[in-house]
Amino acid sequence: MNRRLATAAVSLLLLAATAATTAPAAVAEPAGTAPTPAAEQAAAAGGFGPVSVRGTGNTVLTAAFQGFDGDPVTISVDARATTNTDPAGTAGHFHVRHVHTDGRLVADFEGDISCLAVGGREAIATGVVTKGEAPWFPGLELVGQKVALSIEDNGRHGDRMGWVWGALGQPVSDCQGTVPFIRTTSGDFSVRG
């Protein structure tokens, strides 16, 4: 065996031994039982533990939203998941309210969260509208449409949020969304995970 290959083999063995002694032991659970706190902690250590996003953010739309410049929008979300991006372990609710500057309602809808993805202080929560109205858009069917809400948690003030509305023909897939593109003017979001 040549010297370079032998050095590489020894390095791999040392790396494997180090990883085995420093990694938390995984505990296998019998089929059909709930995970123990130790198993949950091990999953969390690997980045696959519980995640959440909660809070309300208010903003005022900018000139980029032609025809809606100056409109107040409020988004509330309370979403949690047992593991990151696992639709089966996701629960929660969202509510969106958009009022025109003249006081007329543009849209008000709410629904259930179907998927949650968290990375650092950012989260994307996707869901399905269960009830709502959009008087500004006569004939627009909201119920059953998918939405994506993106949140950036920057502390007590100055969070950012973004959205994608399936009802307006924009494609929405589970746990996929846009960057949080508009700063909140009040409210606070908390992203955990």
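**View 1. Contacts across the whole chain.** Of the contacts in the protein chain with a separation of 6 or more, 54% join residues 24 or more positions apart; a contact means heavy atoms within 4.5 Å. This is a predicted model: local features need pLDDT of at least 70, side-chain atom pairs count only at pLDDT 80 or more, and totals for chains, interfaces and linings use all residues. Residues are numbered from 1 along each chain as its sequence is written, and side-chain values use heavy atoms, without hydrogens and water.

**View 2. The open sheet.** Nine strands line up as β8-β7-β6-β5-β4-β3-β2-β1-β9, with antiparallel pairing. Strands are DSSP runs (E, at least two residues), numbered from the N terminus. Two strands pair if DSSP finds at least two bridges between them. At the edges, β8 (182–183) and β9 (186–192) each pair on one side only.

**View 3. Strands β3 and β4.** Seven bridges join β3 (residues 90–99) to β4 (residues 105–119) in the antiparallel sense. Here R97 stands opposite D108 in β4.

**View 4. A tilted aromatic pair.** The whole structure holds seven aromatic pairs. Rings of Phe, Tyr and Trp (its six-membered ring) pair if their centres lie within 6.5 Å; planes under 30 degrees apart are stacked, over 60 edge-to-face, the rest tilted. F68 and F137 form a tilted pair, 6.4 Å centre to centre, with 45 degrees between the planes. F68 lies in the loop between β1 and β2, and F137 in the loop between β5 and β6, 69 residues apart. F68 is buried at 17% relative accessibility, while F137 is partly exposed at 29%. Buried means under 20% relative accessible area, exposed over 50%, partly exposed in between (1.4 Å probe, protein chains only).

Note on methods
Helix = DSSP H or I, 4+ residues; strand = E, 2+ residues; numbered from the N terminus.
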